[in-house]
Amino acid sequence: MALNISSPADFHVHLRQGSFSELITPHVRKGGFHLAYVMPNLKPPITTTDQALKYKADLQKIDSDVEYLMTLYLSPDLTPEEIRKASAAGIVGVKSYPRGVTTNSDGGIESYEAYYPVFEAMQEVDMVLNLHGEVPSDTKTNIHVLNAEVQFLPHLFKLHHAFPRLRIVLEHATTRAAIEAVKSCGPTVACTITAHHLALVVDDWAGQSWNFCKPVAKYPDDREALRSVIKEGHPRFFLGSDSAPHPPHTKSTSTPTHACAAGIYTSPILLPLVADLLHSFGALQNLVGFVSDFGRSFYRRPARDGKTVQLRKIEGGYLVEERYIQGQDELVPFWAGKRLNWKIVES
Ligand SMILES: [Zn+2]
């Protein structure tokens, strides 16, 4: 059995910087993808057009066969003038991180109102606002990793109401409440879903640091809602892998005082993994919509750019590589040592 997937696109990926970037950027194509929507949370974050263009050139030097769509990091430094400059230079979106919630997000948001002039300019030039939809944990107000996304949803509604023409993507949704919230919004609001959140539930990361990411995987009923919306073929829900590599020593909790980094690395196995997962819950017929057509349509990218990837079902499956090593850098992918049933035969 074979499947032909036209123009797969990953609408949320972390490609890091330096030698780490050299190891992981080629994994975008290895995983079956030719379009990468690139996150700006570098050190320092990408806050200007010039920085974004320089970063894009660095990525192109590593692999020129991928289309990189660039983003800026929402911060108080960002001005309406910079938005117009960025848009004219082909930068597609602005990513908002809640302060301190995720990797390199110390400079993220606390309240959105200060950014309304920036959002106004984005709406005008038709840039996309990408939201990491979690509020920071706070024991005083009972906000924690399990309800941080649900507590964020009023911000989504408020932004959508204030800027109805602004295209907004709620990134890496993990809850039934988030799926329902996005569905209830107008056509300018979409949502990405990762591969790992289609696989994991809360039990899988409690006690297993390699499955730990932000937002954390939620309850089985939440995972069911993510799967259902894909089964339904809803056009405003599409793949954004949030593939986020970290060196193994930061992922494992080798001492009692060392907390593990949040992030799951799926890039090198992404398309076969998504095919396996969709197959497992009866949604394989919507694979092309989920990994290509729906996201491309929302982001106004050509639906078919000529690159087709073929997947073949392997009898008995095959094992995912345990690690990738290049020079001093080393990485362990999601699903390491486990079996996948779909394999890329042509790309
Ligand atoms: Zn991310």
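Reader: In which strand does A9 lie, and what makes that stretch a strand?

Author: A9 lies in strand β2, which spans residues 9-13. Helices (H or I, at least four residues) and strands (E, at least two) are DSSP runs, numbered from the N terminus. Residues are numbered from 1 along each chain as its sequence is written. The model is predicted, so local features need pLDDT of at least 70 and side-chain atom pairs count only at pLDDT 80 or more, while totals for chains, interfaces and linings use all residues.

Reader: Why is A9 called buried?

Author: A residue is buried if 20 or more other C-beta atoms, placed from the backbone, lie within 10 Å of its own, exposed if 12 or fewer, and partly exposed in between. A9 has 23 C-beta neighbours inside 10 Å and therefore counts as buried.

Reader: Which residues beyond four places in sequence are in contact with A9?

Author: They are F33, L35, S292, G295, R296 and R301; contact means that the C-beta atoms, placed from the backbone, lie within 7 Å. Between A9 and Y324, 315 residues apart in sequence, the C-alpha to C-alpha distance is 23 Å. Across the protein, residues 24 or more positions apart account for 70% of the contacts with a separation of 6 or more.

Reader: N142 and D242 both have a positive phi. Which of the two is buried and which exposed?

Author: N142, with phi near 60 degrees, is found in the loop between β7 and α6. N142 is exposed, because 9 other C-beta atoms lie within 10 Å. D242, with phi near 50 degrees, belongs to the loop between β10 and α11. D242 has 28 other C-beta atoms within 10 Å and is therefore buried.

Reader: What makes the largest nonpolar core a core, and which residues have the most contacts inside it?

Author: A nonpolar core is a set of buried Ala, Val, Leu, Ile, Met, Phe, Trp, Tyr and Cys residues joined through C-beta atoms within 7 Å. The largest such set has 101 residues, and A36, V38, V182, L271 and V274 have the most contacts inside it. Helix α12, residues 270-280, gives the most to this core, with seven residues. Beyond four places in sequence, V274 is in contact with A195, L239, L287 and V291.

Reader: Why are α6 and α7 called roughly parallel?

Author: The two helices pack at an angle of about 15 degrees, with their axes 9 Å apart. Angles under 35 degrees count as roughly parallel, over 145 as roughly antiparallel, 65 to 115 as roughly perpendicular and the rest as oblique. The angle therefore makes α6 roughly parallel to α7. In this pairing, E149, V150, L153 and L156 of α6 meet A177, A178 and A181 of α7.

Reader: How do you know that the protein is as compact as a globular protein of its length?

Author: The protein has 13 helices and 14 strands. The globule rule is 2.2 Å times the number of residues to the power 0.38, and the radius of gyration is taken over C-alpha atoms. For 347 residues the rule gives 20 Å, and the radius of gyration is 19 Å, close to that value, so the protein is as compact as a globular one of that length. Of the 347 residues, 49% count as buried.

Key
Two residues are in contact if their C-beta atoms, placed from the backbone, lie within 7 Å. Axes are lines fitted to C-alpha atoms, for helices over the stretch in contact, and angles run from 0 to 180 degrees between N-to-C directions.
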